[in-house]
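Dear colleague,

Please find the structure for your review below. My notes on it follow.

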Amino acid sequence: MNIGLGLPVDDPAHLLTWARRADASPFRTLGLLDRLVYDNPEPLVTLAALAGATSRIRVQTEVLIAPLHNTALLAKQTATLDRLSGGRFTLGIGVGGREDDCLAAGIDLHRRGRRLDEQLTLLRRAWSGEPYGEGVGPIGPAPTTPGGPEVLFGGFAPAALDRVGRFGDGFLGAALPPTFMSNLFRDAETAWQKHGRPGRPRLVAQANVVLGPDSTVDQARRNLRDYYAFSGHVAYMEAGLLTTPPQIREAADAYFGIGADEVMLYCWASDADQIDRLADALF
């Protein structure tokens, strides 16, 4: 039973403690979200530090908004992180949707999907050791993982699901109950087959959780409301926050029941004792 933890972003100073405690726990992966115009730590820099502070647990972007990044530099950063972590890095990737992030990065909000498609071609080329482009040699270092780190696509649109089959290793579905997530999982499998890929895609589900005293739960609700304020769906997201061991166990079992290979429990409060509470609830 593979279960990971999504790291809180409200206090980066706590993240090394989270990583070390999680590394000694049964959890498989640490995930970290990406925003630009928001008070969160930059994910690739942070995951590099966490990889250096751990020896077993995997590290994952959840998800990196690739169109905001310079593609050549992103190829080098991700290959370096895969190399430094000994192949423990998963690149969760998506297009994002916040206009302010795009404005700050100087990219066209309406071209971000096409930009991501172009980026994936170049990333795969760089990770394989081929010349990056005309008149440009290879970009190193070579990643530990042959062909580059594992790539999971996040998103809800048909184009996001199609990218799983075209470019990816799997799909990462966030913040939907199992009954709705099942449809996305099946769509990802269909895209995989459509593009003639062998085997099956890796399927990962994410649920928002918090365990602890009322003060911890209240902090998580505040952080969740602040993060999703842009979306107009704050009430829906808050209603989906799982706050008791039975709720979390039931959700995890349901996700595994629809074919999830891993369930990421995204934590919204910086209290690191959540790690032990969640482990006690699930293992």
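I begin with Glu-262, which is buried at a relative accessible area of 0% (buried means under 20% relative accessible area, exposed over 50%, and partly exposed in between, with a 1.4 Å probe and protein chains only). The model is a predicted one, in which local features need pLDDT of at least 70 and side-chain atom pairs count only at pLDDT 80 or more, while totals for chains, interfaces and linings use all residues. Residues are numbered from 1 along each chain as its sequence is written, and side-chain values use heavy atoms, with hydrogens and water left out.

Salt bridges

Side chains of opposite charge can pair when their charged atoms come close. Here a salt bridge is a side-chain nitrogen of Lys or Arg within 4 Å of a carboxyl oxygen of Asp or Glu, and the whole structure holds 17 of them.

Glu-262 forms a salt bridge with Arg-28, at 2.9 Å from N to O. Arg-28 lies in the loop between helix 1 and strand 2 (29–32), and Glu-262 in strand 8 (residues 262–267), so this pair ties together parts that are 234 residues apart in sequence. (Helices are DSSP runs of H or I with at least four residues, strands are runs of E with at least two, and both are numbered from the N terminus.) Arg-28 is partly exposed, at 23% relative accessibility.

A second pair is Asp-276 with Arg-21, whose closest N and O atoms are 2.7 Å apart. This pair links distant parts of the chain, 255 residues apart: Asp-276 is in helix 11 (residues 274–282) and Arg-21 in helix 1 (residues 15–23). Asp-276 is partly exposed at 39%, and Arg-21 is partly exposed at 27%.

Within helix 7 (residues 178–194), Glu-189 and Arg-186 are three residues apart, about one turn of the helix, and their side chains meet in a salt bridge of 2.8 Å, N to O. Salt bridges with shared partners also join Arg-28, Glu-150, Arg-202 and Glu-262 into one network.

Strand 3 and its neighbours

Strand 3 (residues 58–65) is largely enclosed by the rest of the structure, because eight of its eight residues are buried. Strand 2 and strand 3 run parallel and are joined by four bridges (strands pair if DSSP finds at least two bridges between them). Strand 3 also pairs with strand 4 (residues 89–94) in the parallel sense, over five bridges. Val-59 is the bridge partner of Leu-30 in strand 3, and Phe-89 is the bridge partner of Val-59 in strand 4.

Yours sincerely
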